Amino acid sequence: MDFCVGGLAGVGAGFFSNPFDVLKVRLQLQGELQARGKHKVLYKNIAHAAYVIAKHDGILALQKGLVPALWFQLVVNGARLGIYQTADDFGFLRDEHHNTKLANSLLFGSMAGMAGGFLGSPLMLMKIQLQAQASKKIAVGTQHEIKGMLSGLISVYRKTGVRGLWRGGFVASLRNLFGTAAQIPTYSVTKEWMDAHHLFQQSRYLSTFVASNVSAVVKTLMLAPLDLITTRLYNQGVGAGGKGTLYSGLLDCAFKIIKTEGVFAFYKGIGPAYMRQAPHSVLTLLFWDILKDIEHSFLQTNTKPKEKK
């Protein structure tokens, strides 16, 4: 049940955060392996990118890649929040006063994130490639001409086999490791601190809202470089034998970005990245708390001993 609750929380949040994901991907791919000032700037900022996409491809283009994005959220959050909650249920995350043990929370959060990232890797591949697709005038990065999630997965499998579906699995695992290690422990510790000091207690879920915003800031800053590398690796073209045409792996990608675009390129798209992370973290963790409360109430109702007549 914990895995279902985590997955559904992610799906609920993913619908609202996906447009910002599309904007983030476009900004991350703009000027790929080109020096600053040496490429055409199609997307100036978040608002301009949204306007350009809507103008050329229609307003619905801001939800490109939504299907694999929601499946990705179901798989990734089902795994990472489910594993984390299971560890909590078994008493691995809290001390005798029921406070979160930071080291244990980081350990299980990292493990949960890696598992989720690896399992969801093929879905992220489709999500990024679909989000990058655009009409010729505003296209950035490699254009894969995918018609949909399922046909895209079949096409990749036929060309490069199972290995091709997980070609960015290692980087996706690292990305989710750092992301989850930043998000969940920050959220748990911040929420407990506010509850202990009676801050933001006016509503049952107000402290959840504030803590998830804090975790979104930490996660965005920690995740930005790996997130950019993940986008580049997933969206690059593939040559003979399933090898990437631009990058051979994580380190090769990082060095090439530094050499051609500079260190600050790792923070391309950080605006929409935060705009995506903030509502996504807030909604995921809020839905997670609400669904856990519903689950708890359901279990209590159905496990109560029946009164004798």
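**Figure 1. Contacts along the protein chain of this predicted model.** Of the contacts (heavy atoms within 4.5 Å) with a separation of 6 or more, 78% join residues 24 or more positions apart. The protein chain holds 10 helices and 0 strands, where helices (H or I, at least four residues) and strands (E, at least two) are DSSP runs numbered from the N terminus. Buried residues make up 49% of the 309 residues; buried means under 20% relative accessible area, exposed over 50% and partly exposed in between, with a 1.4 Å probe and protein chains only.

A word on reading these views: residues are numbered from 1 along each chain as its sequence is written, and side-chain values use heavy atoms, with hydrogens and water left out. Because the model is predicted, local features need pLDDT of at least 70 and side-chain atom pairs count only at pLDDT 80 or more, while totals for chains, interfaces and linings use all residues.

**Figure 2. Confidence in the model.** The mean pLDDT (the predictor's confidence in each residue, from 0 to 100) of the protein chain is 85, and 89% of its residues reach 70 or more. Among the elements, helix H2 (residues 46-57) has the highest mean pLDDT, 96, and helix H10 (residues 270-303) the lowest, 73.

**Figure 3. Helix H7 against helix H8.** Here helix H7 (residues 169-196) packs with helix H8 (residues 206-235) at an angle of about 170°, their axes 7 Å apart. The angle makes H7 roughly antiparallel to H8. Axes are lines fitted to C-alpha atoms, for helices over the stretch in contact, and angles run from 0 to 180 degrees between N-to-C directions; those under 35 degrees count as roughly parallel, over 145 as roughly antiparallel, 65 to 115 as roughly perpendicular and the rest as oblique. The contact of H7 with H8 has 17 nonpolar, 10 polar and 5 charged residues. For these classes, Ala, Val, Leu, Ile, Met, Phe, Trp, Tyr, Cys and Pro count as nonpolar, Asp, Glu, Lys and Arg as charged, and the others, Gly among them, as polar.

Figure 4. Arginine 175 is found in helix H7 and is buried, with a relative accessible area of 8%. Leaving aside neighbours within four places in sequence, arginine 175 is in contact with Met124, Leu223, Leu226, Asp227 and Thr230. Serine 188, also placed in H7, counts as buried at 10% relative accessibility. With the neighbours within four places in sequence set aside, serine 188 is in contact with Tyr84 and Thr100.

**Figure 5. Isoleucine 229 in helix H8.** At 5% relative accessibility, isoleucine 229 counts as buried. Not counting residues up to four places away in sequence, isoleucine 229 touches Val171, Leu250, Cys253, Ala254, Ile257 and Phe266. With leucine 250, the C-alpha to C-alpha separation is 6.9 Å, across 21 residues in sequence.

**Figure 6. Arginine 26 in helix H1 (residues 2-29).** Arginine 26 counts as buried, at 0% relative accessibility. Beyond its neighbours within four places in sequence, arginine 26 is in contact with residues including Tyr43, Lys64, Gln131, Ala132 and Ile138. The C-alpha atoms of arginine 26 and isoleucine 138 are separated by 9.3 Å, although the two lie 112 residues apart along the chain.
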